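I opened this entry to record what I looked up, starting with confidence. The notes follow in the order I made them.

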Amino acid sequence: MSNSVEQQKRKVFDLKTIEVENVSRIFRISSEKEILALDDVSLHVKEGEVFGLLGPNGAGKTTLIKILATLLLPSKGRAFVAGHDVVKEPAKVRRVINLVSGGETPGYGSITTRENLWFFSQLYGLPKGESMKRIAKLSEDLALQEYLNTRTHKLSTGYRQRLNLARGLINDPKVLFLDEPTLGLDVITAKRIREIVRNRVKNGSGNSILITTHYMVEADQICDRIAIIDRGRMIALGTPAELKKMVSKQTIVSIETQPIDGGMDFMSSIAGVNGYSQTDEPSTGRIKLKVVLNEEGALQNVIHAVSARGRIFEIAKSEPTLEDVYIALVGKGFE
Amino acid sequence: MHEFQVNVRAAIARARVRIKGTIQDPAWMIAEMIIPMFSIGGFILLYRALGAPASYSGFVIVGGTMIAFWTNVLWGMAAQFYWEKEVGNLEIYFVAPISRMAILLGMALGSIVTMVLRVFGIVLFGILLFNVSLNIVDPIAVAIIFTLTLASLYSLGMVFSSLYLLWGREAWKLNELLVEPIYFLSGFFFQIRGNVVVPLVLQFASSLIPMTFGLDGLRKVLILGQGLQSVLLEVSVLIAFSIALFVAAHYVLGYMENLAKKEGRLTLRWQ
């Protein structure tokens, strides 16, 4: 490619680190069954942005990350990372990315944390001095110093995940893919990881992060923009504030009730109910309902219908959250 | 940094990890040296009971040591992609800007170092326990044949490893299928090529396996006291096998990776 074309290409993608154009992905399960994991998704991630993909399990978030990380081919559409086509130029894409999957404990258990990190740094050709410098910095950021000389099979789940994140940052990637990075982690480790994610993009570093999560609060806290994905389709896109604004005219109500025989399916048929989600509260044996109403007047209908089936302990109006946006768009929660 | 340098660093690092992992588990090394001695000892005693020439005991030692490499190629290299996939490492390798062959080469180098230790152990046991004598007159010929045998074997391992990019347990079954027939056809414990009691069709089939030529060559230079001149055929065939299999591995790995990405099976577990 000539210099001018290359420069032009760079310029176009200067502000868009990731560009996804009408990407679909079909998985053939058997000769008769196919699953549409991604359905005509288009989005872009800007330089210096933390972009969240929010959706329940099986929504297609990981599929999209795998396509962008060159681990999977799209069935249709095109995708670019740092201006490079993920299908035609995978080698160029790999030079600027890294991927961290939550719940994974990659590396080799029989060697130490430091040796594992050194090993991963060699996959990017880092000279020894540079590699050791980065290991020291990352272990400090992630509070891993104490465990640098510990064999990794002896680390707890939380520390293994810290190691996993350190591994993902060892090459200082321009684009970092985080797939459910706080999955199953304790509160302190999850908080630390969220801080690192935020710190990575601030101060105009130009680094970008694409993160998938099904934790609404996490997405709200760390993402600049969020795409909500459901059954392979992108159903909403915007900043957390913009998304919440989508339900600002609706009424969000939390209802605490006793478990109701026959389930909560009747909720869908109540006039004025846009959607609902339910959470079991094992400590109290109660159920917490989150209901999104098209109009406040519908609350009476809900109270009437629920109280006819079980005792209501508490009713409260609440400020809109991303969960409410999802409920309003899909009609139900992530369960 | 130059792509070649990155791949060299990655290969060395992978080799170091494998060596370190092995050293940290010395019990495994000892077991690996002692357990093969039972089958090796059985064949040596059998040959002696039948009144076979003394060199046959040496043949068994050579075969027994090379079995270690063949087993390692199948389970420690080809099937390694399966384990890497299961623990989540394969994803990391394939996201990194390195050649898949660099990783496999690193595994091979790491294995060779540890396997050589094992070989020394087996040979030492053979000499001490069964009074087997080596007859080396041309150490360079030994080094050439040994190196070429390993090069062709590990290149074959790279070809096999590509199967694990697409399949899991199915490829595992293929590995299992390749153990005993190769033991038999390569002549680990007795010579196949030129052996009058072995049918010609089997001799032909054995010629398609690099290990057969490696074993023949090693027996000549280690036990029968022959030099480079007498193993030129083996050297030529092993060079051809090494080049052909290495090149084939490059293309097959690329093809299978692409197919696996298309079918969505590259990082799919529990296959």
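I began with confidence in chain B of this predicted model. Helix α2 (residues 26–34) of chain B scores lowest there, with a mean pLDDT of 76. Helix α12 (residues 232–263) of chain B scores highest, at 95. I then took the average for chain B and found a pLDDT of 88. In chain B, 99% of the residues score at least 70. For the model I noted ipTM 0.85 and pTM 0.85.

Next I looked up the interface. I found 25 residues of chain A in contact with 26 residues of chain B. On the chain A side, α3 (90–94), β6 (97–101) and α4 (113–122) each supply at least two residues. β6(A) gives the largest share of that side, four residues. I sorted the chain A side by residue type: 14 nonpolar, seven polar and four charged.

Then I turned to a sheet in chain A. I read an open sheet of four strands, in the order β12-β13-β11-β14, with antiparallel pairing.

I checked one pair in detail. Strands β11 (residues 251–257) and β13 (residues 286–293) of chain A run antiparallel and are joined by seven bridges. A:I252 has A:V292 in β13(A) as its bridge partner.

Last, I looked for a helix on the sheet. Helix α11 (residues 322–330) of chain A packs there and touches β11, β12 and β13 of chain A. The direction of α11 makes about 130 degrees with that of β12(A).

Conventions
Residues are numbered from 1 along each chain as its sequence is written. Chains are lettered from A and ligands numbered from 1 in the order in which they are written. This is a predicted model: local features need pLDDT of at least 70, side-chain atom pairs count only at pLDDT 80 or more; totals for chains, interfaces and linings use all residues. Two residues are in contact if their C-beta atoms, placed from the backbone, lie within 7 Å. Ala, Val, Leu, Ile, Met, Phe, Trp, Tyr, Cys and Pro count as nonpolar, Asp, Glu, Lys and Arg as charged, and the others, Gly among them, as polar. pLDDT is the predictor's confidence in each residue, from 0 to 100. Two strands pair if DSSP finds at least two bridges between them. Axes are lines fitted to C-alpha atoms, for helices over the stretch in contact, and angles run from 0 to 180 degrees between N-to-C directions.
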